[in-house]
Amino acid sequence: MFTQRSTRALFTAALPLAALTAVAACGNEKAPGTVQAGGVPLTGATWHVQSMTVDGATTKAPSGAYVKFLSDERVRGNYGCNSFDADARVTDDSVDLGKATVTDEACTDTGRRAFNESLARALADKNTIKAQGDDRLTLTRAGGDTIALAKQRDARLTGTKWMVDTLYTGDVARSLPKAAQGRARLVFGKDGHVDVRLGCNSGRAKATVKDGHLTFGPLTSTKMGCVGEAAELEKAMRGVLDGRTSYAVKGDALTVTAPDGTGIGLSAAKK
C-alpha cells in the first residue's frame, strides 16, 4: 500500500512580525521585487540551510531545509520537516517574516522535529543578512544565533537519472512503498526523448520542453505482466506521462504534473 501524507495541505499560522521601517528606494536600479545583499542576488534562487548555531552550539540541518526569497515581499521554504510560505519584508541587509501558511506534517524523527522547531522560531524574528561570496549567506538574529545558507544549484533536466519517490493526487502526496522504491525512473536525453522505467515495464517516448511544459509523445514499452504495487505504480506513471504536463526543477527535485492534478515527484540519483 502507498503511504499518504498531506504535504500540500496548508493551514494558516501567524508568526510574530517585528515593526517594519520604511526603506527609501532612491537610486536603486534593481528590478521591482528583486533583492540583492552585498551585490549578490537573493531572489530567484533556492538557498539550502546548512546549519544553525544557537547559544554557541551548531546543528547540521536535515536534508530538505531551505529558504527561497520569491520577492522583497514573500519568502517560501522548509524548516526541515514542514514547509512555509510567508509575507515578508526583505531588504539588502535584513529579512522579517510576517503571516505565514505552514504545512502540518507530523515530524516523527526527533532530530528533524527539533531542528524544524528551532528554525521556525529563528525565522519568525527579524534577521540580518550577510553575503559571503556569491553563494553563501548568514542570517543573524538579534541575540546572535545564526543560520548558514548555501545557494542550491538546480540539477539538469537532461542527463540526470530522476528516481520516482512520490505520487501526487491533488493535495495528497503518497510515498512509494519499499517494494516499489528504486524501480521507477526517468532519464531525459539530449535527443528529445526520455527513457522510462515504470516500476515493471520500461520504455521510451518523445519528450519536448517548451514554455515551462513537458509534452510526452506515445510511450513504446515492454509488455510484461505486472501485479501488485509495481502495477499500481506503473498505472499512475502512465497516467501522468501522457501529453502536455507542467514541470519544475528545484535543486535535486523534479515534479511533473498532469492537467488533472495528478503527478509524480522525483529526486536526482546520487552519483
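Me: Is Asp211 buried or exposed, and what is its relative accessible area?

Reply: Bear in mind that this is a predicted model. Since a residue counts as exposed when its relative accessible area is over 50%, Asp211 is exposed, because its relative accessible area is 64%. Asp211 is placed in the loop between strand E18 (202-210) and strand E19 (213-216), and, although it is not a glycine, Asp211 has a positive phi of about 55 degrees.

Me: Which phi does Asp55 have, and where is Asp55 placed?

Reply: Asp55, which is not a glycine, has a positive phi of about 50 degrees, and its place is in the loop between E5 and strand E6 (57-60). Asp55 counts as exposed, at 75% relative accessibility.

Me: How should I read a loop residue such as Gly192, and which residues does Gly192 touch?

Reply: Begin with the place in the chain and then turn to accessibility and contacts. Gly192 is found in the loop between strand E16 (184-188) and strand E17 (193-198), and Gly192 counts as partly exposed because its relative accessibility is 24%, a value that falls between the limits of 20% and 50%. Not counting residues up to four places away in sequence, Gly192 touches Ala205, Lys206 and Ala207; of this group, Ala207 is 15 residues from Gly192 in sequence, with 5.5 Å between the two C-alpha atoms.

Me: Is Thr160 buried or exposed?

Reply: The cut-off for buried is under 20% relative accessible area, so Thr160, with 13%, is buried. Thr160 lies in the loop between E13 and strand E14 (161-169), and, when residues up to four places away in sequence are not counted, it touches Ala155, Leu186, Val187, Phe188 and Ala268.

Me: Where in the chain is Val249, and which residues is it in contact with once its neighbours within four places are left aside?

Reply: Val249 has its place in strand E21 (residues 243-250) and is buried, with a relative accessible area of 18%. Its contacts, leaving aside neighbours within four places in sequence, are with Asp154, Ala155, Leu157, Trp162 and Leu254. Ala155 is 94 residues from Val249 along the chain, yet their C-alpha atoms are separated by 7.1 Å.

Me: What is the relative accessible area of Phe84, and which residues is Phe84 in contact with?

Reply: Phe84, placed in strand E9, is buried, with a relative accessible area of 3%. Its contacts, with neighbours within four places in sequence left aside, include Tyr66, Val75, Asn78, Leu97, Val102 and Leu123. The C-alpha atoms of Phe84 and Asp104, 20 residues apart along the chain, are 9.9 Å from each other.

Me: How many residues does the largest nonpolar core have, and which of them have the most contacts inside it?

Reply: The largest nonpolar core has 32 residues, and those with the most contacts inside it are Leu42, Val49, Phe69, Val75, Val90, Leu123 and Ile147. At least two residues of this core come from each of several elements, among them strand E5 (46-54), strand E9 (83-90) and helix H1 (110-124); H1 gives the most, with five residues. A second, separate core of 26 residues includes Leu214, Val240, Leu241 and Val249.

Me: How much space lies in the largest pocket, and which lining residues are the closest to its centre?

Reply: Rolling a probe the size of a water molecule over the atoms shows where empty space is left. Here the largest pocket holds about 1800 Å³ of space, and of the 48 residues that line it, Tyr66, Asn78, Ser83, Tyr168 and Ala253 are the closest to its centre. The lining has 14 nonpolar, 21 polar and 13 charged residues, and it draws at least three residues from each of domain 1 (36-151) and domain 2 (160-268).

Me: What can be said of the protein as a whole, in helices, strands and buried residues?

Reply: The protein has two helices and 23 strands, and 38% of its 271 residues count as buried. Among the contacts with a separation of 6 or more, 54% are between residues 24 or more positions apart.

Terms used. Residues are numbered from 1 along each chain as its sequence is written. This is a predicted model: local features need pLDDT of at least 70, side-chain atom pairs count only at pLDDT 80 or more; totals for chains, interfaces and linings use all residues. Side-chain values use heavy atoms; hydrogens and water are left out. A nonpolar core is a set of buried Ala, Val, Leu, Ile, Met, Phe, Trp, Tyr and Cys residues joined through side-chain atoms within 4.5 Å. Buried means under 20% relative accessible area, exposed over 50%, partly exposed in between (1.4 Å probe, protein chains only). On a 1 Å grid over the protein atoms alone, a cavity is a set of points where a 1.4 Å probe fits but cannot get out, and a pocket is an open set with protein on both sides within 12 Å along at least five of seven lines; lining residues have an atom within 4 Å of a point. Grid points are joined across faces, edges and corners, and a volume is the space filled by probe spheres set on the points. Ala, Val, Leu, Ile, Met, Phe, Trp, Tyr, Cys and Pro count as nonpolar, Asp, Glu, Lys and Arg as charged, and the others, Gly among them, as polar. Domain bounds come from an automatic or database domain assignment. Contact means heavy atoms within 4.5 Å.
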